Amino acid sequence: ADNEDYPRWVNGRRPGTSALSIGTMRGSIGRTHFYGVDGKNFTVEMWVRLTVVKGRVVFASAGDGYSHGWRINSAGRNVDFALGRKPGEEKGQGLVTVRAPKCLRPHIWQHLVAVLKDDRLQLYVDGKLAGEKAFDGVYVHPETPAERYRTPEIDTRGGLQLGTTASHPSQGRFDIDELAIYARALDTAGI
């Protein structure tokens, strides 16, 4: 294993500050006991810097981001914000994804904001609305396990994770700074 792939502190977005650099090794993944916010609407805000813009990099997720929970990831130069829901074609079923196309650049700090507001997903890149998608409005945060006080390294079922979903690790290194999650949908003025 390459030691460069483990987490480390790097220069942050602002002079004199540090950011977390996350690799692809399982030991490089940050996990928490955060499963969601009160109410349905929420906002995830972060600054990210990619080393190389290729493959799929999971910036942050809760749940597996496919059949439950959410995820924010890159797909090449694109950014996706996805709500995982049970597979199917009925109301409240099927993955919902909004994409901000061809917006990521390597070695540059970029501001990403993902918003769930009622029946709409919004994705902002560097302060501008880069993608929006309407859906049926059905979403439930991942359930907190009864034994939520287990150590985050063992709990792989869906607390907030950096660098992976519960089932899909990143394919590349990235730096993350100033991650914030709000229990409300920020509007354009708040972003």
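**Close-up views of a predicted model**

**Figure 1. Meet Arg13, a partly exposed residue.** Arg13 has a relative accessible area of 25%, which makes this residue partly exposed. As you look around, keep in mind that this is a predicted model. Arg13 pairs with Glu178 in a salt bridge, where the closest N and O atoms are 3.3 Å apart. This pair links distant parts of the chain, with Glu178 in strand β13 (residues 174-182) and Arg13 in the loop between β1 (8-11) and β2 (18-22), 165 residues apart.

**Figure 2. Glu178 also meets Arg14.** The side chains of Glu178 and Arg14 form a salt bridge at 3.4 Å, N to O. Because Glu178 sits in strand β13 and Arg14 in the loop between β1 and β2, the pair ties together parts 164 residues apart in sequence. Glu178 is partly exposed, at 34% relative accessible area, and Arg14 is partly exposed too, at 45%.

**Figure 3. Arg99 and Asp80 join two strands.** Here a salt bridge brings the side chains of Arg99 and Asp80 together at 2.7 Å, N to O. Arg99 belongs to strand β8 (residues 96-100) and Asp80 to strand β7 (residues 78-84), 19 residues apart. Asp80 is buried, with a relative accessible area of 6%, whereas Arg99 is partly exposed at 41%.

**Figure 4. Stepping back to the whole protein.** You will find zero helices and 13 strands. Of the 191 residues, 48% count as buried. Among contacts between residues at least 6 apart in sequence, 62% join residues at least 24 apart. The structure holds seven salt bridges, including the ones shown between Glu178 and Arg13 and between Arg99 and Asp80.

Key: Residues numbered from 1 in each chain as written. Predicted model: local features only at pLDDT ≥ 70, side-chain atom pairs only at ≥ 80, totals over all residues. Heavy atoms only, no water. Helix = DSSP H or I, 4+ residues; strand = E, 2+ residues; numbered from the N terminus. Buried < 20%, exposed > 50% of the residue type's maximum accessible area, 1.4 Å probe, protein only. Contact = heavy atoms within 4.5 Å. Salt bridge = Lys/Arg side-chain N within 4 Å of Asp/Glu carboxyl O.
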